[in-house]
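Dear colleague,

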Amino acid sequence: MAATAVLNLGDPSAPGQADNLAVLEARRTSAFQAMLTVSGGQAHSQQIIAEFLEDWPSMVSCFNDEGTISPAKAIAAVRKVTIEAMRKMENTEKQHAASRSAFESVQATSTEPLPTTIYFNCVPYHGLKERQFVLRLGVLTSAKDPAIVLRIVNKEQHEEEMAAELAE
């Protein structure tokens with residue numbers, strides 16, 4: 001998010017030296033930087049995601065399939081995630097045949113409704129307009145402790161639109 005202006009170009013009859021440059025580097029706001037830190041697609045602990053939601057409650061709206069979730073309930077859900085795993089093995093031996101099947105099921109739940117989508121409203125860079133970023137929440141269950149992943153939906157589109165807004 002930067003722009004460079006070349007000054008002193010002159011005109012065709014009196015060309016300039018193009019020796020003066022002006023550089024504009026847009027500064028990220030603290031809210032946007034915080035969102036980028038937790039939403040890059042990498043796994044974070046429950047505590048980091050809960051603290052992010054606690055730090056920016058006025059900018060956060062949480063949702064799941066059933067509707068809106070209050071930030072307080074979303075934070076409680078993120079702080080208390082239960083991983084339920086079930087494994088079923090079936091083995092059949094016959095005289096000239098054998099059959100084996102395995103079924104594995106893993107589910108992440110919480111006592112409070114766990115959000116699947118988080119809307120984060122903020123001004124991304126100083127001088128730009130406020131934008132709404134949609135973050136998709138996922139729970140990774142493969143490690144010893146559950147990990148939470150936030151990912152910005154259509155991140156590249158937001159970047160293109162912000163660059164166009166800066167250019168204007």
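Is glutamate 54 buried, partly exposed or exposed? Glutamate 54 is partly exposed, with a relative accessible area of 36%, where buried means under 20% relative accessible area, exposed means over 50%, and partly exposed lies in between, using a 1.4 Å probe and protein chains only.

Before the rest, a word on how to read the values: this is a predicted model, in which local features need pLDDT of at least 70 and side-chain atom pairs count only at pLDDT 80 or more, while totals for chains, interfaces and linings use all residues. Residues are numbered from 1 along each chain as its sequence is written, and side-chain values use heavy atoms, with hydrogens and water left out.

Salt bridges

Side chains of opposite charge can pair when their charged atoms come close. A search of the whole structure gives two salt bridges, a salt bridge being a side-chain nitrogen of Lys or Arg within 4 Å of a carboxyl oxygen of Asp or Glu.

One of them joins arginine 79 to glutamate 54, with the closest N and O atoms 3.1 Å apart. This pair links distant parts of the chain, since arginine 79 is in helix α3 (residues 71-79) and glutamate 54 is in helix α2 (residues 46-55), 25 residues apart; helices (H or I, at least four residues) and strands (E, at least two) are DSSP runs, numbered from the N terminus. Arginine 79 counts as partly exposed, at 42% relative accessibility. Glutamate 51 is also found in helix α2 and counts as partly exposed at 33% relative accessibility; its C-alpha atom is separated by 9.5 Å from that of arginine 79, which is 28 residues away along the chain.

In the other salt bridge, glutamate 161 pairs with arginine 131, and the closest N and O atoms are 2.3 Å apart. Glutamate 161 lies in helix α4 (residues 155-167) and arginine 131 in strand β9 (residues 131-140), so this pair ties together parts that are 30 residues apart in sequence. Glutamate 161 is partly exposed, with a relative accessible area of 35%, whereas arginine 131 counts as buried at 13% relative accessibility.

The side chain of arginine 131 is also joined to that of histidine 158 by a polar contact of 3.2 Å; a polar contact is a pair of N or O atoms within 3.5 Å, where within protein one must be able to donate a hydrogen and the other to accept it, and residues adjacent in sequence count only if both atoms are side-chain atoms. Leaving aside residues up to four places away in sequence, the residues that arginine 131 touches include Phe120, Cys122, Met162 and Glu165, contact meaning heavy atoms within 4.5 Å.

Helices

In α2, the buried residues are Gln46, Ile49, Ala50, Phe52 and Leu53. Seen down the axis of α2, these buried residues fall within an arc of 155°, so they line one face of the helix; the arc is that of the directions from the helix axis to the C-beta atoms. Isoleucine 49 has a relative accessible area of 0%, and, not counting residues up to four places away in sequence, it touches Val38, His44, Val78, Ile148 and Leu150.

In α3, Ala74, Ile75, Ala77 and Val78 are buried, and, because they fall within an arc of 160° when seen down the axis, they line one face of α3.

Cysteines

The count of disulfides comes to zero, a disulfide being a pair of cysteine sulfur atoms within 2.5 Å. Cysteine 62 is in no disulfide, and the nearest cysteine sulfur, that of cysteine 122, is 15 Å away, a distance that is too far for a bond. Cysteine 62 is buried, with a relative accessible area of 1%, and cysteine 122 is buried too, with a relative accessible area of 2%.
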